[in-house]
Amino acid sequence: MVVGGLAGTEADRVFHALADATRRDILTKVIRSGKSVSELAQHYPMSFAAVQKHVAVLERAALISKVRRGREQIVHGEVTALRRVALLLDAYEEIWRHRADRIADILDQE
Amino acid sequence: MPVVSSHKDVDTLTMTFVAEFEASVERVWQVWADPRRLERWWGPPTWPATFERFEFEPGGQVRYYMTGPDGEKARGWWTITAVEAPHRLEFDDGFADENAEPVDPKDATHGVVTLETAGGRTRMTTVSTFTSAEQLERMAAMGMEEGMREAQTQIDALLVAGG
């Protein structure tokens, strides 16, 4: 059994990662084909370091993975059919976390 | 934070969710058994639920709708399959049409709720089993806050992009 603070953290990471338009765009690009961070950086009016930070957020949410190719790191999307079901179950879990909070509020108020 | 644990099984499309509350089993049972309490937590604040039919007994029919920010209604139905007050409730949960009748009675999520005393608190375990990924997707979208719904749409768009 997963106890305590671990529950929901994966869902939180996924939703946080997808809450940003640049990160959604990066993910869309790398799902089609792997791209290096420098290739990605050319598409956005921001520094290489800023793009790297966005990639790191996506990586922590396990939405992308990085593979070293020579001196570069190639970013790949990790959204398979199984992953899709896992994301949906995460979303459903999030619903229940909110429901449990509201039940606790009702019980506190009575 | 009442959440104790959760377990998700992608192969069986099942989510087990465990939460504990500072209240007796009887009081936690009432948030399920009393429709006026139930509608205070079933839907998100932006989509509050209204239960218009509530037969809380084995074989009983439940009909509800959730009202969105623009007044749109999302309707649902339950068929209660087991009630053992105040410890166990089982029901099928699906989507209903404008006449509040099931769109497809077989297209239902099965829910099992158990309440037990645990160290002076009440432990509530809900096990939700879906029949397909598509059904899970619709259920997940229905109970979501706006922000999450948007994130979910993004996930879908990404999946389409990924083929």
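The legends below describe close-up views of a predicted model. Local features are given at pLDDT of at least 70, side-chain atom pairs count at pLDDT 80 or more, and totals for chains, interfaces and linings use all residues. Residues are numbered from 1 along each chain as its sequence is written, and chains are lettered from A, with ligands numbered from 1, in the order in which they are written.

**View 1. Strands 3 and 4 of chain B form a hairpin.** Strands are DSSP runs (E, at least two residues) and helices are DSSP runs (H or I, at least four), numbered from the N terminus; two strands pair if DSSP finds at least two bridges between them. Strand 3 (residues 49-54) and strand 4 (residues 61-67) of chain B run antiparallel and are joined by five bridges. Phe51(B) has Tyr64(B) as its bridge partner. Six residues lie between the strands, and Gly59(B) in the turn has a positive phi of about 85°.

**View 2. Strand 4 of chain B is also joined to strand 5 (residues 73-84) of chain B.** Seven bridges link these antiparallel strands, with Arg63(B) opposite Trp77(B). In this hairpin, five residues separate the strands, and Gly71(B) takes a positive phi near 85°.

**View 3. Strand 6 (residues 88-95) of chain B pairs with strand 5 of chain B.** The pairing is antiparallel over eight bridges, and Trp78(B) has Asp93(B) as its bridge partner. Three residues connect the two strands in a hairpin.

**View 4. Tyr92(A) is in contact with residues of chain B.** Leaving aside neighbours within four places in sequence, its contacts (C-beta atoms, placed from the backbone, within 7 Å) are Met15(B), Ser128(B), Leu136(B), Met139(B) and Ala140(B).

Notes:
Two residues are in contact if their C-beta atoms, placed from the backbone, lie within 7 Å.
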